[in-house]
Every structure is written in structure tokens, then in C-alpha cells.
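Visitor: Hi, I have a few quick questions about this one. Could you walk me through it?
Guide: Happy to, just ask away.

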Amino acid sequence: MADECIFCKIVRKEMPSQPIYEDHDLVAFPDIRPVAPVHVLIVPKEHMVNLNDVGKNDAGLLGKMLRLSAKIANDKGIAESGYRIVINNGDDGGQIVPHLHLHLIGGKALDPKMG
Ligand code: AMP
Ligand code: ZN
């Protein structure tokens, strides 16, 4: 429910965050519990729970999320050292916040094992 959704509240500026990027479609802000020196969340302003909610008209939005990740990684100086992009999707995927978001994680060598 978008009314109670914490990321919708951040989008509506009802909850504080320190956005590092914002446009008509997307907002990006630091994860409150970073797992690495760089840990940024890239969030569509429109409420959608996860990839299960993404329709064919949202393909451009997903592309924008990935391009913004690469830009922020570059701005943060980790483009060359490398980084990980993660979308936790649904319960088994470890999704906690039910509003689609992409994690940009880097600034240290990450464990190559996933899952
Ligand atoms: P997940 O749903 O598992 O992909 O993870 C949600 C992420 O959102 C976690 O890494 C949290 O630390 C992060 N998070 C939750 N609330 C906030 C908040 N108010 N501001 C920034 N990050 C948050
Ligand atoms: Zn939401």
C-alpha cells in the first residue's frame, strides 16, 4: 500500500533521506544500513512492489535505473574497481521493503558467492 510504504514516504519527502539524485522518475539515496563503503538505493518514484509488478511500459524505467547506477558508481569513483547491482525480489529473494529498488554496492571487494 503506497500510503504506508516507507520508500513512497521518502519520495513524498514525508520521511527524511539525503537524496544524491532525483528526477521525474527516480530518486537515489544512501542505504540506512550500508553493507559496503558505497551502498546506494535507486528507487522509482512510482510505487511498484517488485519486478512482478513491472509491465512492458516500464522497460525504459528499468533501463534508467541501471544507467543511473553506472553514473553514480562513476561519480563515487568505483566504476573501475567494480560494484554489484542487486534487486531482492520477494520473500525468498530477501526483499524487505515492498517497493521496487536496486542496490548499488561497492567500494570494497565483495564475496563472489551469491546465495
Ligand atoms: P531489501 O528490501 O531487502 O532489498 O532491502 C531494503 C533496504 O532498505 C535495506 O538495505 C535497508 O537498510 C534499507 N532501508 C530501509 N529503510 C530505509 C530508509 N529509511 N532509508 C534508507 N534505506 C533504508
Ligand atoms: Zn512505495
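Visitor: Which backbone oxygen does the side chain of Gln95 reach?
Guide: In this predicted model, the side chain of Gln95 reaches the backbone oxygen of Val97, at 2.9 Å.

Visitor: And which backbone nitrogen does that Gln95 side chain reach?
Guide: That is the backbone nitrogen of Gly90, at 2.8 Å from the side chain of Gln95.

Visitor: Where does Gln95 sit, then?
Guide: Gln95 is in the loop between β4 and β5.

Visitor: Is Gln95 buried or exposed?
Guide: Buried: the relative accessible area of Gln95 is 12%, and the cut-off for buried is under 20%.

Visitor: What does Gln95 touch, leaving out residues up to four places away in sequence?
Guide: Its contacts are Val49, Asn50, Asn88, Asn89, Gly90 and His101.

Visitor: How far is Gln95 from Lys64?
Guide: They are 21 Å apart in space, C-alpha to C-alpha, and 31 residues apart in sequence.

Visitor: Let's switch to the metal. What coordinates the zinc ion (ligand 2)?
Guide: Two cysteines and two histidines: Cys5 and Cys8 through SG, and His47 and His99 through ND1, at 2.0 to 2.3 Å.

Visitor: Why is that arrangement called tetrahedral?
Guide: Because the four donor atoms around the zinc ion (ligand 2) subtend angles of 104 to 118°, and four donors count as tetrahedral if all angles lie between 85 and 135 degrees.

Visitor: How are those donor residues spaced in sequence?
Guide: The pattern for the zinc ion (ligand 2) is C-x2-C-x38-H-x51-H. Cys5 lies in the segment before α1 and His47 in the loop between β3 and α2, so this pair ties together parts that are 42 residues apart in sequence.

Visitor: Okay, new topic: β5. How many of its residues are buried?
Guide: Five of five, so to speak: β5 covers residues 102-106 and is mostly covered.

Visitor: Which way do the residues of β5 point?
Guide: Leu102, Leu104 and Gly106 point one way, and His103 and Ile105 the other way. In a regular strand, side chains alternate between the two faces of the sheet.

Visitor: Which strands does β5 pair with?
Guide: Strand β3 (residues 38-44) is joined to β5 by five bridges and runs antiparallel to it. Strand β4 (residues 83-86) is joined to β5 by four bridges, also antiparallel.

Visitor: And which residues in β5 are the bridge partners of Leu41 and Tyr83?
Guide: For Leu41 the partner is His103, and for Tyr83 the partner is Gly106.

Methods. Residues numbered from 1 in each chain as written. Chains lettered and ligands numbered in written order. Predicted model: local features only at pLDDT ≥ 70, side-chain atom pairs only at ≥ 80, totals over all residues. Heavy atoms only, no water. Buried < 20%, exposed > 50% of the residue type's maximum accessible area, 1.4 Å probe, protein only. Helix = DSSP H or I, 4+ residues; strand = E, 2+ residues; numbered from the N terminus. Pairing = 2+ DSSP bridges. Donors = N, O, S within 2.8 Å, 3.2 Å for Na, K, Ca; no water. Tetrahedral: all angles 85-135°; square planar, octahedral: opposite > 155°, others 65-115°. Contact = heavy atoms within 4.5 Å. Polar contact = N/O pair within 3.5 Å; in protein donor to acceptor, adjacent residues only side chain to side chain.
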